[in-house]
Amino acid sequence: MNFLSVENLTKSFGDRVIFSDITFGIDQGDKVAIVAKNGNGKTTLLRCLMNLEQIDSGRVVYRNDLRVAFMQQTETLDETHTILEAVFSHDLPELQIVKKYNQALREGNEAAIHECYEELTELNAWDMEVKVNQILSVLKLNDTSLLVGSLSGGQKKRVALAQVLVAEADFLILDEPTNHLDLDMIEWLEEYLSKSKSTILMVTHDRYFLEVVCDTIYELEDKTLYKYKGNFSYYLEKKAERQDQLQSTIDKARNTFKKELDWIRRQPKARGTKQKARVDSFQDIKKVASQRIDDDEIDIPVKMERLGSKILELHKIGKSYGDKIILDNFSYNFQRKERLGIVGNNGTGKSTFLNMIQSREEVDKGKVVTGETVVFGYYSQELIKVDEDKKVIDVIRDIAEFIPLEKGKQLSAAQFLEKFLFARHMHYNFVHKLSGGEKRRLKLMTVLMSNPNFLILDEPTNDLDIFVMSVLEDYLRTFEGCLIVVSHDRYFMDKMVDHLFVFEGQGAIKDIIGNYTEYRKQTAADYKKDKSTDDKPVEVVKVKQISEEAPKEKRKLSFKEKSEFDQIEKDLERLEEEKTKWTNVLSDSSSNNEKLMEAGVKLGAIVSEIDEKTERWIELSEFA
């Protein structure tokens, strides 16, 4: 059943065409993602679909009586509302009674609670109550009486996400839903959307999300929409094939163009003496031959100051804000070519830690010793702070007209911009005309221009498209200095770091060897171990409290169940090893498209099998 039909849609801003004459449809149950370079119009397209942006021509048609919920990249919440009022700002009867019930609970109004209880039962809305509480809990929105205006940007983003998820919509349209979520939230949302019966259209740069959740990918490129019926691995493979075919067409056109150009030049200038059809054909060939495929590569051999033997030493440093402890007697020595990832829930002090090691913030105790040769390059979550009426090329020229490279070479400001995928026609655009992702790319350039040998990247992938992120990864793989990355992008973390600092809160920090996927594997194993050992004493205590009679003998596993239980444990170990193997293939930049596609299929099947076997293991473990 068709949910959305888009016909011949065109949108432009002044003389700049964003997309032209695009046509596509989305059916019930589809999970679709739109990918494109920053500034190519992903958010504009979603806003056009929601009639929030005026279109030049075309039609957008939804099926009748369809409930559509839209999460915008920039939230538009009423700042005078509480979190509860914002989340329940829908006209769905079940939601309104759940809202009323939560309000009564908070106020302790017994009469209202009893009245709501009966209404909840009549509307069969108890499942909705459970769902709402689960979403609010996972997104850490526990105090629903807080005003939206008092929240941080990240908290507002989570409120907007909760508002969309509780809407029980038939069609979800999500613009960057994973921004400002911590890793636990992202993994929960990934599973939630995978199992959701809603039709989904989203813009996201999370490549694991694209791999696991989506079954269709649309790429917005050259003002046109290309469809790929598959996940991210399939998209990579088919995009490469399409580009190969296009390059072949361009090469043939260029060969023909040379011959036709020679013919045009030999002919008399009088138009009537030429074959009109051949002249017209020449213009078409010229148009094709003039095309250029952008291979999105950054190759910048920037001159980097050599690091000395002493780099960065932390000696028993401590930091706290009142009762909240950030660090407590923490010591660590950074080595050459350190590649460190930092993970932890929001509010555990990751950004504070980065500021302290750069002496941007004072420590309460201990000492931070920085080597004399260290040159920090710090990319923070804040947008670039420049005059919005300044031209892009002037932002770079204000830092340096020429950038020194290795072996005495240099790059001009214009050449440097082109290396970072700013085409010539964009150099004289004003900064205020850039998209959020383009502004972040410009800021990244200003950081790298300082020729740092110690790079600190705080959420570098927020608002950067998957093409720029791939380019950044290529650059960082050849970076010879030290690297610290704070990111909620699991794919990026897996490729960039070899050990992690896990901020657990109240000053507790673990140093985990390996990438993020290996850390999550270890965490899951520890949780399983703790759960299996903690459950037994609780059961015994409960039996003694409930009854003074002799406890009933606990049912034991049959011989067949015992064999099954032992086999499941072996299978889970094997499956986890296979999951790691295929995850590494997916993260390996040297993997070809065929291998990536195979890895995506294998990984999906393995994760599904692990879930099934884990559920059975939990059932049997109660009697093991």
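Pro 452 lies in the loop between helix H14 (436–448) and strand S17 (454–458); helices (H or I, at least four residues) and strands (E, at least two) are DSSP runs, numbered from the N terminus. Pro 452 is buried, at a relative accessible area of 4%, where buried means under 20% relative accessible area, exposed over 50%, and partly exposed in between (1.4 Å probe, protein chains only).

A word on how to read the values. This is a predicted model, in which local features need pLDDT of at least 70 and side-chain atom pairs count only at pLDDT 80 or more, while totals for chains, interfaces and linings use all residues. Residues are numbered from 1 along each chain as its sequence is written, and side-chain values use heavy atoms, with hydrogens and water left out.

Now the whole chain. It has 19 helices and 20 strands, and buried residues make up 47% of its 624 residues. Taking contact to mean heavy atoms within 4.5 Å, 68% of the contacts between residues at least 6 apart in sequence join residues at least 24 apart.

Next come the aromatic rings. A search of the whole structure finds 17 aromatic pairs; rings of Phe, Tyr and Trp (its six-membered ring) pair if their centres lie within 6.5 Å, with planes under 30 degrees apart counted as stacked, over 60 as edge-to-face and the rest as tilted. One of these pairs is Phe 353 with Phe 501, edge-to-face at 6.3 Å centre to centre and 70° between the planes. The pair links distant parts of the chain, with Phe 353 in helix H11 (residues 350–357) and Phe 501 in strand S19 (residues 499–505), 148 residues apart. Phe 353 counts as buried because its relative accessibility is 0%, and Phe 501 is buried at 1%. Both rings belong to a cluster linked by ring pairs, which also includes Phe 330, Tyr 332, Phe 334, Phe 376, Phe 454 and Phe 503.

Two other rings have a charge over them, meaning that NZ of Lys or CZ of Arg is within 6 Å of the ring centre and within 35 degrees of the ring normal.

| Charged residue | Ring | Distance from ring centre |
|---|---|---|
| Arg 441 | Phe 422 | 4.6 Å |
| Lys 443 | Tyr 379 | 5.6 Å |

Lys 239, found in helix H9 (residues 232–266), is buried with a relative accessible area of 8%. Leaving out residues up to four places away in sequence, Lys 239 touches Glu 219, Glu 221, Tyr 228 and Phe 467. Lys 11 lies in strand S1 (residues 2–13) and counts as buried at 6% relative accessibility. With the exclusion of residues up to four places away in sequence, the residues that Lys 11 touches include Val 17, Phe 19, Cys 48, Glu 53 and Asp 56. Lys 11 and Glu 53 are 42 residues apart in sequence and 9.1 Å apart in space, C-alpha to C-alpha.

On a 1 Å grid over the protein atoms alone, a cavity is a set of points where a 1.4 Å probe fits but cannot get out, and lining residues have an atom within 4 Å of a point. Of the 13 residues lining the largest cavity, Thr 178, Asn 179, Thr 461, Asn 462 and Asp 489 are the closest to its centre. The lining divides into one nonpolar, eight polar and four charged residues, where Ala, Val, Leu, Ile, Met, Phe, Trp, Tyr, Cys and Pro count as nonpolar, Asp, Glu, Lys and Arg as charged, and the others, Gly among them, as polar.

Technical notes. On a 1 Å grid over the protein atoms alone, a cavity is a set of points where a 1.4 Å probe fits but cannot get out, and a pocket is an open set with protein on both sides within 12 Å along at least five of seven lines; lining residues have an atom within 4 Å of a point.
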